[in-house]
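Hi,

Here is the structure I promised to send over. Have a look at it first, and my notes on the ligand site follow below.

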Amino acid sequence: MTKKKIAVFISGKGSNLQSLIDAATENDFPGSINLVISDNSKASGLNHAHNNSIKCETIEYQKCINKEDFEQKILNKTMKENIDIICLAGFMRILSEKFIISFNGPIINIHPSLLPKYKGLNTHQRAIESGDRVAGCTVHYVTKNVDDGEIILQKSVPILPNDTVEDLAARVLKIEHEAYAEAIKKILN
Ligand code: GRF
């Protein structure tokens with residue numbers, strides 16, 4: 001099996017990145033993590049890339065001329081590594097339609113809610129405040145509209161009566177780690 005080359009984009013902790021690194025060690029996983037890109041040089045998730053000898057690049061938005069320049073720099077890195085698929089994992093920048101078209105391959109994202117519910121931020125708080133009994137995560141294709149592309153896979157967990165935002169976030173994050181690898185297998189196999 002020829003493995004597809006995956007780039008993971010992060011801005012923070014990178015626990016989803018680590019789960020993909022782990023998944024990619026399995027023989028039957030259809031991809032390898034070849035590149036990690038962060039827009040934040042202080043992202044602790046970069047350590048996961050370093051510890052696993054994965055090439056990583058930090059491209060700071062503030063150091064670029066404008067959004068086009070920022071995105072072009074990212075595109076150049078992905079082209080240099082012949083990346084086939086981009087996985088956003090807690091990447092806190094919105095990619096333009098131009099970038100999405102120019103990359104010319106799948107770009108997918110993991111979102112901590114059962115889309116189409118709760119696009120954007122503070123998903124767990126909004127789910128608890130709405131009195132929902134179920135929460136979860138969604139892996140979806142990235143389009144120009146945020147958290148809006150075709151859904152690849154969803155996983156759900158219960159919301160328990162006295163859950164805090166932190167309780168729910170931890171429960172959802174755990175299934176995110178299974179969902180992301182499963183979604184990649186689903187689209188690449
Ligand atoms: C995850 O909850 C993901 O769904 C969201 O950002 C968070 C990233 O967490 N898009 P981590 O950096 O992978 O730990």
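An N or O atom in the side chain of Ser 15 sits 2.5 Å from an oxygen atom of the ligand, a polar contact (a pair of N or O atoms within 3.5 Å). On its own the ligand exposes 360 Å², and the protein buries 83% of that (Shrake-Rupley areas, 1.4 Å probe).

Bear in mind that this is a predicted model, with local features needing pLDDT of at least 70 and side-chain atom pairs pLDDT 80 or more, while totals for chains, interfaces and linings use all residues. Numbering runs from 1 along each chain as its sequence is written, and side-chain values use heavy atoms, without hydrogens and water.

The shell around the ligand (residues with a heavy atom within 4 Å) includes Lys 13, Asn 16, His 111 and Glu 176. By class it splits into 2 nonpolar, 5 polar and 2 charged residues, with Gly counted as polar.

The ligand takes up the space of the largest pocket, meaning that more than half of its atoms lie within 2 Å of the pocket's grid points. That pocket holds about 970 Å³ of space. Of its 36 lining residues, Gly 90, Met 92, Ile 110, Pro 112 and Leu 121 are the closest to the centre. (A pocket is an open set of points on a 1 Å grid over the protein atoms alone, where a 1.4 Å probe fits, with protein on both sides within 12 Å along at least five of seven lines; lining residues have an atom within 4 Å of a point.)

Cheers

How values were computed: A polar contact is a pair of N or O atoms within 3.5 Å; within protein, one must be able to donate a hydrogen and the other to accept it, and residues adjacent in sequence count only if both atoms are side-chain atoms. Grid points are joined across faces, edges and corners, and a volume is the space filled by probe spheres set on the points.
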